[in-house]
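Work through the exercises below with the structure open. Try each task before reading its solution.

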Amino acid sequence: MRYLNYINGLWKEPTSREYKENLSPHNGENLGEFPSSVAADLHDAVAAGKRSFPAWKKLSFQQRASYLQKAADHLKKNVQEIGQDLIKEEGKPLAEGMGEVNRAVSILEYYAAEARQPLGEVIPSANAETFLYTTRTPLGLVGLITPWNFPIAIPVWKLAPALIYGNTVVIKPADLTPKSVYHVMKAFDEAGLPAGVLNCVFGKGSVIGAEMVEHPDIKAISFTGSNQVGIQIQNRATTANGKKVQLEMGGKNPLIVLSDADVDKAVEIAVGGAFKSTGQKCTATSRIIVEEGIYEVFRDRLVNRTKELKVGNPLDGDTFVGPAVSKTQCDGVIKMIEVGKEEATLLCGGEAPSEEELANGFYVKPTVFENVSHDARLAREEIFGPVIALFKVKNYEEAVEMANDTEYGLSAAICTNNLTLAQRFIEDIEVGLVHVNSETAGTEPQVPFGGCKSSSTGSREQGKTAIEFYTQVKTIYLDRM
Ligand code: NAD
C-alpha cells in the first residue's frame, strides 16, 4: 500500500512521484511505501502552515484542546492496530510498543488539560494605577525533526505542546519509521483539525530536514536524534537563520550499584535499563559501575539473567529483545562489539542469535563486557544497542567520578539503600534525569525531560517546561487613560 504526505489537510503525492519501501527489521516484510519527498513538497507544507497560523492562534485554548483530545481518543480506540504497526516497523517488543501508543494518548491528554492552566503572572507594579502582567504568545510555524526509536511518543511530545500553545507545525519523521507518524496524522485528520495546522512531509533528513532548517518561514526547530546531525542543525538554524532551536541527542548513561544494594533488584534494573527496546533508547543504561564488595555476585547474576532473555519476534508476548531497527544500525552495533572484543573481556552475547526464524532479521544477542578501561571506545561512545560495559570501583567517590567522565549528561541511576549516598548522588551527578533505585530509562510526560553537557541544548521538553520553547513571553503594562 502507498501512503501520502499530509499537507493542508489533504493526503498528497510527493512531487517526485517516488516512494521508498518501509521494511520490517524482523523479517524484511514490506509494510508499505512512503513518499521520497523533495523540497517542493516541504515548501507546500510550509505555505499551508504559515497560512493557517493566524486563525489557529485566535482559537481559544479550549477549542485547540478539543482537537488534541479527539486525536487522543482515536489513538486509544485503535491502539491495537497502531501498536502492532509500530512494533512491526521499529522492532520493540509488544508491551513496549503498546505502551508507547498509550503514552502518546497520555501526552495528548496532558497538553489538552493545559487549556485550563494559568498562562502568565500578575506582578505588582511600582505605579498604583498600572496592571502589570505577563502572557505567552506562540512562535508561528515550527519544524519538528524526529528519530525512529520512539516513533510515536517523540513526535507527539513535540507536536502536542506546539499546537496547544497556538503554533502550527511541519513534521519530518525518521524515514525508517514513517507509518507510526502516519497514524498520528490520521488521528488529527479524523479529529477534524483545521487544514494546514499540522503537516507531515516524509523523506530523507538530508533533503527535507536540511530544507526545513533553512526555510525562513519556520520560526523554530525541535530536533531529537544524533549529536552529529543535531550540531549541524544548530549551526545552520541559529547562525544562518536566527531560529530558536532545541536539541535532544545522545547519552552514555551510567548505573551505579553500591555494595548495600539488593542484588536481584539491581540486576532487574540493569537488564531493563540496558536491553529493553534493544538498548535503542537515548536513556538506555550502557555503563554499569559496581562497588567491589558486590562486584562478582552482581556480575554473575547479571550474566545469567542476560542469557535467559528471549531474543525474538517482537510481536511474541515473551520476547524481551527484538531486532535492531535496520541493517545499518545492526552492523554498527556488531562493529562496536568487535571493537569491544579487542579492548575488553566478553562475558556473554557478542553475536547474532542462531535461530533460523531470526536469520532475515537484524538481531544481536544482549551482550555484557568487563575489564573495560575508562578510555576504551566501549566506555565512551554511544552504541545504541544491547551492550553493557561493566566497571569495578573501590567506593562511591570513584563510582561517581567515573559516571561523570563522559561528554554526555542525559540520565543516570544508582542502586543503594544508603540515603546519604543517594542524596549525594543526586547532587554530584552531571545529568538532567536522575533515578534512585530505578532504570536510567523511563520518563513521565508531566515532568521536564532533557540532559546537560553534549546531550541537550535549549529548554527542556515535556511537562509544563515545554511552554518555554513553544512560546515567547509578552509583558503588559495596562494603564488607565
Ligand atoms: P539521526 O540524527 O540520524 O536522525 C534524526 C532525524 O534527523 C531523522 O528524522 C533524520 O531523517 C533527520 N536528519 C538526518 N540528517 C539530517 C540533516 N542533515 N538535516 C536535518 N535533519 C536530518 O538520529 P536517529 O538515528 O534517527 O536516532 C538515534 C539518535 O537519536 C541517537 O543518537 C539517540 O541517542 C538520539 N535520541 C535522543 C533522544 C533524546 O531525547 N535525547 C531520544 C531518542 C533518540
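## Exercises on the ligand site

The model is predicted. In it, a polar side-chain atom of Q232 lies 3.5 Å from a nitrogen atom of the ligand.

**Exercise 1.** Find which backbone atoms lie 3.4 Å and 3.3 Å from an oxygen atom of the ligand.

*Solution.* Start with G205. A backbone N or O atom of G205 is 3.4 Å from a ligand oxygen. Next take G225. A polar backbone atom of G225 is 3.3 Å from an oxygen atom of the ligand. Both distances fall within the 3.5 Å cut-off for a polar contact.

**Exercise 2.** State how many residues surround the ligand, and sort them by type.

*Solution.* Count the shell: 28 residues surround the ligand. The closest are T146, S226, M249, C282 and E382. Now sort. The shell holds 15 nonpolar residues, 10 polar ones and three charged ones.

**Exercise 3.** Identify which element gives the largest share of the shell around the ligand.

*Solution.* List the elements that each supply at least two shell residues: α7 (205–214), β9 (220–224) and α8 (227–240). Then pick out the top contributor. It is α7, with four residues.

**Exercise 4.** Explain why the ligand lies between domain 1 and domain 2.

*Solution.* Domain 1 covers 5–249 + 456–479, and domain 2 covers 253–436. Both domains give residues to the shell around the ligand, so the ligand lies between them. Last, check the pockets: the ligand sits in the largest pocket.

Terms used
Residues numbered from 1 in each chain as written. Predicted model: local features only at pLDDT ≥ 70, side-chain atom pairs only at ≥ 80, totals over all residues. Heavy atoms only, no water. Near = heavy atom within 4 Å. Polar contact = N/O pair within 3.5 Å; in protein donor to acceptor, adjacent residues only side chain to side chain. 1 Å grid on protein atoms, 1.4 Å probe; cavity = no way out; pocket = protein on both sides within 12 Å on 5 of 7 lines; lining within 4 Å. Sits in = over half its atoms within 2 Å of the grid points. Nonpolar A, V, L, I, M, F, W, Y, C, P; charged D, E, K, R; others polar. Domains from an automatic or database assignment.
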